[in-house]
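Subject: Handover of a structure

Hello,

Please take over the structure below. My notes on what was found in it follow.

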Amino acid sequence: DCYATGGGTVQLPTGTFAVTGLTIYWGSKITVNLKGAGPKATFLTKLGTTSSAILDLAASSNAVEVYSTISDLSLIGNARCSNGITATGCAYLTLQNLIVADCAVGIDFQGSLISDLERVCALNNNTGMRFRAAGCLYPNLISIKKGALRGNSSWGMDFGDGSGLSVEGVDIEANGVFNDQDTGGIVTRSTYGSETGYGILS
């Protein structure tokens, strides 16, 4: 309804809301914000064991400049059966002041780019954050600040495609499995970057 009426902000009050999955779909440049009362106050919890993400953010086949913010809530999975947030083909997306826990992948960017993640905590997932291409769209120019990647059993962050990754002031600890070199804090795979690609960790 918010999208159909030209955009705006959907405000979620204090409480726990059980969902099988919520979807925001952008076919054009319309701002749709989703805002809770704070990550210790507003909880979206996974109902059932389907593979659909708790929150699915999707744009049309070309990257849509969504200029939208998801903020101030927690997304809690059910036995890591699904992703917390999946974002596909979105540009200028902001994730802010979130906790995502007990999911298969906490934050899964598929071809989403030019986006900011600030004070996002991915805790006790299989993978905290994952970044992959979707068709010809690459997760370029991703900025991650002041969050935490902690207790994720596979990787804290798996950056497999794209370039222009900036990670600043993020607490990265206790990820992976002891003595298993295929798990850990951050992995940047062979497809990361290019002749013009770069990454900054600080």
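Two strands are said to pair if DSSP finds at least two bridges between them. Strands themselves are DSSP runs of E with at least two residues, helices are runs of H or I with at least four residues, and both are numbered from the N terminus.

This is a predicted model, in which local features need pLDDT of at least 70 and side-chain atom pairs count only at pLDDT 80 or more, while totals for chains, interfaces and linings use all residues. Residues are numbered from 1 along each chain as its sequence is written, and side-chain values use heavy atoms, with hydrogens and water left out.

Overall picture

The protein has zero helices and 19 strands. Its C-alpha trace spans about 50 × 35 × 30 Å along the principal axes. Of the 202 residues, 48% count as buried. Here buried means under 20% relative accessible area, exposed means over 50%, and partly exposed lies in between, with a 1.4 Å probe and protein chains only. A contact means heavy atoms within 4.5 Å. Among the contacts with a separation of 6 or more, 66% come from residues 24 or more positions apart.

Seven strands make up an open sheet with parallel pairing, in the order 3-6-8-10-12-15-18. Strand 3 (22-26) and strand 18 (184-188) are at the edges with a single partner strand each, so one side of each has no neighbour in the sheet. From one strand to the next the twist averages 5°, where axes are lines fitted to C-alpha atoms (for helices, over the stretch in contact) and angles run from 0 to 180 degrees between N-to-C directions.

Going across the sheet from strand 3:

- Strand 3 pairs with strand 6 (residues 55-59) in the parallel sense over five bridges, and Thr 23 stands opposite Asp 56 in strand 6.
- Strand 8 (residues 85-88) and strand 10 are parallel partners over four bridges, with Thr 86 opposite Asp 108 in strand 10.
- Strand 10 is joined to strand 12 (residues 127-132) by five bridges, again parallel; Ile 107 stands opposite Met 129 in strand 12.
- Strand 12 and strand 15 pair in the parallel sense over four bridges, and the bridge partner of Thr 127 in strand 15 is Trp 155.
- Strand 15 also pairs with strand 18, parallel and over four bridges, where Trp 155 has Gly 184 as its bridge partner in strand 18.

Two of these strands are mostly covered. In strand 10 (residues 105-110), six of six residues are buried; in strand 15, five of five are buried.

Core and aromatic rings

A nonpolar core is a set of buried Ala, Val, Leu, Ile, Met, Phe, Trp, Tyr and Cys residues joined through side-chain atoms within 4.5 Å. The largest one has 41 residues, and Leu 57, Leu 95 and Ile 144 have the most contacts inside it. Not counting residues up to four places away in sequence, Leu 95 touches residues including Leu 57, Ile 107 and Phe 109.

Rings of Phe, Tyr and Trp (its six-membered ring) pair if their centres lie within 6.5 Å; planes under 30 degrees apart are stacked, over 60 edge-to-face, and the rest tilted. There are three aromatic pairs by this rule. One of them, Phe 131 with Phe 159, is tilted, at 5.1 Å centre to centre and 40° between the planes. Phe 131 is in strand 12 and Phe 159 in strand 15 (residues 155-159), so the pair ties together parts 28 residues apart in sequence. Phe 131 is buried at 0% relative accessible area, and Phe 159 is also buried at 0%. Ring pairs link Phe 109, Phe 131 and Phe 159 into a cluster.

Backbone points to check

Most residues other than glycine have a negative phi. Arg 119, in strand 11 (residues 115-123), has a positive phi of about 55° although it is not a glycine. Arg 119 is partly exposed at 34% relative accessible area. Asn 124, in the loop between strand 11 and strand 12, has a positive phi of about 60° and is not a glycine either. Asn 124 is partly exposed at 37%.

Regards
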